[in-house]
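Hi,

Here is the structure I promised to pass on. Have a look at it first, and then read my notes on its salt bridges below.

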Amino acid sequence: MANEEDDPVVQEIDVYLAKSLAEKLYLFQYPVRPASMTYDDIPHLSAKIKPKQQKVELEMAIDTLNPNYCRSKGEQIALNVDGACADESSTYSSKLMDKQTFCSSQSTSNTARYAAALYRQGELHLTPLHGILQLRPSFSYLDKADAKHREREAANEAGDSSQDEAEEDVKQITVRFSRPESEQARQRRVQSYEFLQKKHAEEPWVHLHYYGLRDSRSEHERQYLLCQGSSGVENTELVKSPSEYLMMLMPPSPEEEKDKPVAPSNVLSMAQLRTLPLADQIKILMKNVKVMPFANLMSLLGPSIDSVAVLRGIQKVAMLVQGNWVVKSDILYPKDSSSPHSGVPAEVLCRGRDFVMWKFTQSRWVVRKEVAAVTKLCTEDVKDFLEHMAVVRINKGWEFILPYDGEFIKKHPDVVQRQHMLWTGIQAKLEKVYNLVKESLPKKSDGQSGPAALLSGDQRVQVAKSKAQQNHALLERELQRRKEQLRASAVLPGVRIKEEPVSEEGEDEEDREAEEEEEPMDTSLGGGLHNRLANGLPSGRAAGGDSFNGHPPGCASAPVAQELRAFVEATFQRQFVLTLSELKRLFNLHLASLPPGHTLFSGISDRMLQDTVLAAGCRQILVPFPPQTAASPDEQKVFALWESGDMSDQHRQVLLEIFSKNYRVRRNMIQSRLTQECGEDLSKQEVDKVLKDCCVSYGGMWYLKGTVQS
């Protein structure tokens, strides 16, 4: 404030923008001369310009009567340049160096920030400059003198040798034809320095007339530097805020814009970060930190940020692992990137890192060699994955870097459920890509259910003893139940009670399928949620035969049935053939996209899902899998859309009947059967369409979608 008082405003000046000469005004910078002498005092003999190159040449007279001028030197230069005899083409017709040529060069390529100012009657008028040219003396006359000297020497040598030589012999001439120029050779020639110089030389000179400072024509042209009316249209561009006005006068250069970082990279500036949108703030923070608890993220974003908006944003760039958020793989490895160690494409890196993240949802510990054996990636890539989210412990492996955040799990069960559904879909994808054996997968998800603890040898023995005691109690109860059934059959000899063992290897296949149909769909990642949810219900309720929200298994309330029916119909309209395993995976992904509290979270059993599929116009195709198949029971249950109302229904039904008797079929067999059933006018395009909708080709054979075992 003190400085402002010491420096008061003494005058306000109106500024006007004149544009009459905006595309024609050049600033010439002459070499330095004594202050007593101006270039306007020197006669300008000629001037010419090449507009495209913004190149100017000026010829200015030299004062030969000045006492500082060396006349003998001027005569010698003129003699060297033009020779003894002068003509119209001579550079110096007076046989004396009486003029000097100045050539221009651009002092700057960006003239948008420069203007010529004219102050008149309390007003400042600005005219943008089209170019700024620096004039320097040209010594091309020395090149002419050297050329003349070489010509004279060559003529003298030729004259001496011709006196003693006879007439030259006839020489044979070889004619050669140039090869046709290729496109690459033409591009190289066009970009060469010689071609550019030749092109610049071909531009014609435009001759100019020079008018001095005091000439009437100069005074007339100088009036165009004034704005043509203070309230005219030209003035509207200056009716702007002070910051916009300064930006117009001093725009940032392209180099400065290029050097300015778009966003913080390695070292984050929180002041700059908070100027970005919330989604970008979350993405940048997660990309740099890799793993972060939700509470830490909220503290970095500031107290004024809504936690609900942060929850929506964090789920787009990160996944929930043990109650903490880990940045998604596709954020770290964009689509067109590759590994700096092995050159592996980003898609393979994302798949391998997803496997590591999924392993940490199962346990707090991961073994690097196991990850490398499954993903088939090099040691450096796997180590990068683990260093993002874990720390190494000697003789133990890699432990997840942050403790289990049970508080977030309890506070946001809807977010946990949604993330659980996403992990279920990722698990199914990893199983298919890496051929993971389902029996070897963990049955319980320690990663999301709670913090894992290391057990000593004595503790393991105690756990084994307790499990044995529990099994013994179960066997005792089973024996007691069978005895009661025998006594009941003895009292009522006409009643036969069916006995089903709890677990025997000789169990009938149809009984197993019937039991599986009654069980709810397994949407948990091996029981991974803290509250053991399965289809949104506690596992204790979901696993048994209890009702789902008051409805028995296989039945559903009207809103639930309508939503489920809509999902099934939309899914089979896109994919005509699906296994039960694939359908459950798609259903889990659909649940993950729904808002919390949706009716479908009330719990959907396998039986309910299959009944809805059959009621939606689909049929189960009993594909005869080979005896040695590795497909699970859910993968062997194949459903297909039987009637969709289009012209392909008949073709699809014939194809499905073929696969109800054959596990794999050759194309010629399908072609002949379709021709036999649908007529001779069946086109190749129709056959290709039905095969594309329902089948996949592998090893020269055709399989129904989802049934091929590679």
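**Salt bridges**

Within helix α25 (residues 606-615), D611 and R607 sit four residues apart, about one turn of the helix. They form a salt bridge, with the closest N and O atoms 3.6 Å apart. (A salt bridge here is a side-chain nitrogen of Lys or Arg within 4 Å of a carboxyl oxygen of Asp or Glu; helices are DSSP runs of H or I, at least four residues, numbered from the N terminus.) D611 is partly exposed at 33% relative accessible area, and R607 is partly exposed at 28%. For these labels, buried means under 20% relative accessible area, exposed over 50%, and partly exposed in between, using a 1.4 Å probe and protein chains only.

Before you go on: this is a predicted model, where local features need pLDDT of at least 70, side-chain atom pairs count only at pLDDT 80 or more, and totals for chains, interfaces and linings use all residues. Residues are numbered from 1 along each chain as its sequence is written, and side-chain values use heavy atoms, leaving out hydrogens and water.

How many salt bridges does the structure hold? There are 21. One of them pairs K432 with E582, whose closest N and O atoms are 3.9 Å apart. That pair links distant parts of the chain, 150 residues apart: K432 is in helix α18 (residues 413-434) and E582 in helix α24 (residues 580-592). K432 is exposed at 60%, while E582 is buried at 17%.

D688 and R667 also meet in a salt bridge, 2.7 Å from N to O.

Cheers

Technical notes. Helix = DSSP H or I, 4+ residues; strand = E, 2+ residues; numbered from the N terminus.
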